[in-house]
Amino acid sequence: MATFATSADRPWKDPDLEPNAIEYNSNVLQLFMEGLDCQPPGQVLDLGPVCQENISFFARRVKRLYVCDMFIRLERCLGKGDSVGRIWQELDYPPESFDGILLWELADRLDDKEVRTLVKLCHTILKPGGMAVVLVLGEQIARFGVNSFVVGQDFKVRLRPQPHLHLPIRSRQNRDVLAMMTPLNPAKSFICRPGFMEFLFTRD
Amino acid sequence: MLKKNKKVNTDTAPSHVPAPVEGKTIIGEQITIDGTIQGKEDLLIEGSVKGRIEVEAHRLTVGSRGQVEAEIQAANVTISGRLVGNINATGKVEITKEADFNGEIKAKSISVEDGAYLKAVIELEREPGKKPVPAIKPEDKSASEPVKEPLILAGKSTGKS
């Protein structure tokens, strides 16, 4: 079952574990781009947080990059005390629009019901065979607060704190994540460190 | 009010020679324009504009108080205010953290500050295509064992076995 904690008041103490010091090679992003390269230039949706480097990285490799920052929308929605369900109307894209969707760690910031709504939407707007990138942070990384995952050369990813975002974290077991992502199919998963996983899902 | 930030000295300039003003036109906070704006100099909007803006070889800036709903043709565009519409820029589009942008961007390059409120479709000059690789197939249950990938912390591997 999901647990709930607010990460905003958890300062990190180990300087080696500060987000700016963390980087890893992303196998999932490499597979994601290789999958996109197999077909004519397509359309990718990035659900944020907005990140200059990622916009440049993906926009130069796909036909059209769509960016809809759901993290900042969630932040504003929670700040106003509005129903989270309202933010999904922003994802008003036609069915089967995208070859890929970058969800990053958005699911970790939502309760189970909202994750299911998000996944259903993603399933609708993904093309058949389309891919979705999902990160599950685990407690150790999640305590840093919200980060963008800055993609660099050779798919080296580093974390950059987003101090304007103060979103709650939901820690989940991997099997719970997999169950919630139905009807998307798990294609690949990689452990980056204990509790921190990358997933690639596909649509039939 | 439309203002020039660099004034032309009309006392000394011959009236029959067009003055090469390298200034910037400012649409002030209290101004509302509905229609087409065409210009041959930089434009800063702090007011409200709805329609079409063409400053093809110049910079358009939507200031932090600017409210724009328009189709835009410019060399470079900087957004710090609210902009709904499509941008066609021959150069760079810059979106600051104060910006609220909804629309399409076609540009040579783009910069976006963390914290910008964005819903955008972005088309940049693409990199040359890469060699195709085999498509990814869904895992079967037996192949679902995660592959370990050590995390590097500031050049140090933390992978412990």
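The model is predicted, so local features are reported only at pLDDT of at least 70 and side-chain atom pairs only at pLDDT 80 or more, while totals for chains, interfaces and linings use all residues. Residues are numbered from 1 along each chain as its sequence is written, and chains are lettered from A and ligands numbered from 1 in the order in which they are written. The model scores ipTM 0.87 and pTM 0.82.

**Chain A overall**
- Chain A has six helices and eleven strands, where helices (H or I, at least four residues) and strands (E, at least two) are DSSP runs numbered from the N terminus.
- Of its 204 residues, 49% count as buried, a term that requires 20 or more other C-beta atoms within 10 Å of the residue's own, with C-beta atoms placed from the backbone.
- Among contacts in chain A between residues at least 6 apart in sequence, 67% join residues at least 24 apart, a contact being a pair of residues whose C-beta atoms, placed from the backbone, lie within 7 Å.

- Leaving aside residues up to four places away in sequence, Val133(A) touches Val28(A), Leu29(A), Phe32(A), Leu102(A), Leu103(A) and Leu200(A).

**Helix 3 of chain A**
- Within helix 3 (residues 70–80), the residues Met70(A), Phe71(A), Ile72(A), Arg73(A), Leu74(A) and Glu75(A) are buried, and their cover includes strand 4 (64–68) of chain A together with strand 12 (117–124) of chain B.
- After helix 3 comes Gly81(A), with a positive phi near 80°.

**Gly145(A)**
- Gly145(A) sits in the loop between helix 5 (138–142) and strand 7 (147–151) of chain A, and it counts as buried because it has 20 C-beta neighbours inside 10 Å.
- The C-alpha atoms of Gly145(A) and Pro168(A), which are 23 residues apart along the chain, are separated by 8.3 Å.

**Confidence in chain B**
- The pLDDT is below 50 over residues 6–21 of chain B, a stretch with nine contacts in the model beyond near neighbours in sequence.
- Residues 130–161 of chain B also have a pLDDT below 50, with 53 contacts beyond near neighbours in sequence.
- Where pLDDT is low, the predicted coordinates should not be read in detail.

Note on methods:
Buried ≥ 20, exposed ≤ 12 C-beta atoms within 10 Å, placed from the backbone. Contact = placed C-beta atoms within 7 Å. pLDDT = per-residue confidence, 0-100.
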